[in-house]
Amino acid sequence: MRSAQQILADSAVIAVVGASRDPRKAAHSVPLQMQRYGWRIIPVNPTADELFGERVYRSLADIPHPVDLVDVFRPAQDAVDVVREAVAVGAPAVWLQLGIVSAEARRIATQAGVDYVEDRCLIVERAAAGLTRLG
């Protein structure tokens, strides 16, 4: 099981489930900041068409290429289905953002051999490790 910082270091493409159009929400500002540091962000949102200059997909299954990490900005009760979908598409890692905890989601990921992080923020971990994908 990789550490949170190792997952970020190993990941280039991050699918963000629950990415938001609202710049006041963390589900907008966090993926945008990760993109600015060089990660490719693939937004997943059933009601938007484009975010962060990228096409928005309705579900993880709709993304036509592999992703390295699935980042979840959805309530804990929704995280279980997102983790099931991440396992189904072969994502190697799942990350539940700060404040999102789910024992069931953890169990599903662990049983599938998927690296799992919960209740942590991508940008905090990125900054703590001094990670960037630029240059």
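The sections below treat a helix and its packing, several individual residues, and some backbone angles.

The structure described here is a predicted model. The residue numbers count from 1 along the chain as its sequence is written.

## Helix α2 and its partners

Helix α2 covers residues 26-36, and helix α5 covers residues 122-129. The axes of these two helices come within 9 Å and cross at roughly 35°. On the α2 side, the contact is made by Val30, Gln33 and Met34, while α5 contributes Leu122, Ile123 and Arg126. Sorted by class, the residues of this contact are four nonpolar, one polar and one charged.

The buried residues in α2 are Ala27, His28, Val30, Pro31, Leu32 and Met34. Besides α5, the buried residues of α2 pack against α1 (4-10), β1 (13-17) and β2. In an α-helix there are 3.6 residues a turn, so residues three or four places apart point the same way. Just after α2, Gly38 has a positive phi of about 105°.

## Val30 within the helix

Val30 belongs to helix α2. Is Val30 buried or exposed? Val30 counts as buried because its relative accessible area is 3%, and the cut-off for a buried residue is under 20%. When neighbours within four places in sequence are left aside, the contacts of Val30 are Phe73, Gln97, Cys121, Leu122 and Ile123. Thr47 stands 17 residues from Val30 along the chain, and the C-alpha atoms of the two are separated by 19 Å.

Asn45 is located in the loop between β2 (40-44) and β3 (50-51). With a relative accessibility of 10%, Asn45 is classed as buried. A polar atom of the Asn45 side chain lies 3.4 Å from the backbone nitrogen of Ala48. Leaving aside neighbours within four places in sequence, Asn45 touches Ala19, Ser20, Val56, Tyr57 and Arg58.

Val56, one of these partners of Asn45, occupies the loop between β4 and β5 (69-72). Its relative accessibility is 5%, and Val56 is therefore counted as buried. Apart from neighbours within four places in sequence, the contacts of Val56 are Pro43, Val44, Asn45, Ala48, Asp49, Glu50 and Leu51. Cys121 is 65 residues away from Val56 along the chain, with 22 Å between their C-alpha atoms.

## Charged residues and a ring

Glu54 is part of strand β4 (residues 54-55). What relative accessible area does Glu54 have? The value is 17%, so Glu54 is buried. The side chains of Glu54 and Arg40 form a polar contact at 3.1 Å. Arg40 is also among the residues that Glu54 contacts once neighbours within four places in sequence are left aside; the others are Gln35, Ile41, Ile42, Pro43 and Asp49.

Arg126, one of the α5 residues in the contact with α2, has its charged end over the ring of Tyr37, 3.5 Å from the centre of that ring. As for pairs between aromatic rings, the structure holds zero.

## Backbone angles in two loops

Most residues other than glycine have a negative phi. Phe52, although not a glycine, has a positive phi near 55°. Phe52 lies in the loop between β3 and β4, and its relative accessibility of 13% places Phe52 in the buried class.

Asp119 is another residue that is not a glycine and has a positive phi, here about 60°. Asp119 is situated in the loop between β7 (115-117) and α5. Because its relative accessible area is 36%, Asp119 is partly exposed.

Where does Gln77 lie? Gln77 is in helix α3, which covers residues 76-88. The relative accessible area of Gln77 is 63%, so this residue is exposed. The C-alpha atoms of Gln77 and Ala109 are 15 Å apart, and 32 residues separate the two along the chain.

Methods: This is a predicted model: local features need pLDDT of at least 70, side-chain atom pairs count only at pLDDT 80 or more; totals for chains, interfaces and linings use all residues. Side-chain values use heavy atoms; hydrogens and water are left out. Axes are lines fitted to C-alpha atoms, for helices over the stretch in contact, and angles run from 0 to 180 degrees between N-to-C directions. Helices (H or I, at least four residues) and strands (E, at least two) are DSSP runs, numbered from the N terminus. Contact means heavy atoms within 4.5 Å. Ala, Val, Leu, Ile, Met, Phe, Trp, Tyr, Cys and Pro count as nonpolar, Asp, Glu, Lys and Arg as charged, and the others, Gly among them, as polar. Buried means under 20% relative accessible area, exposed over 50%, partly exposed in between (1.4 Å probe, protein chains only). A polar contact is a pair of N or O atoms within 3.5 Å; within protein, one must be able to donate a hydrogen and the other to accept it, and residues adjacent in sequence count only if both atoms are side-chain atoms. Rings of Phe, Tyr and Trp (its six-membered ring) pair if their centres lie within 6.5 Å; planes under 30 degrees apart count as stacked, over 60 as edge-to-face and the rest as tilted. A charge sits over a ring if NZ of Lys or CZ of Arg is within 6 Å of the ring centre and within 35 degrees of the ring normal.
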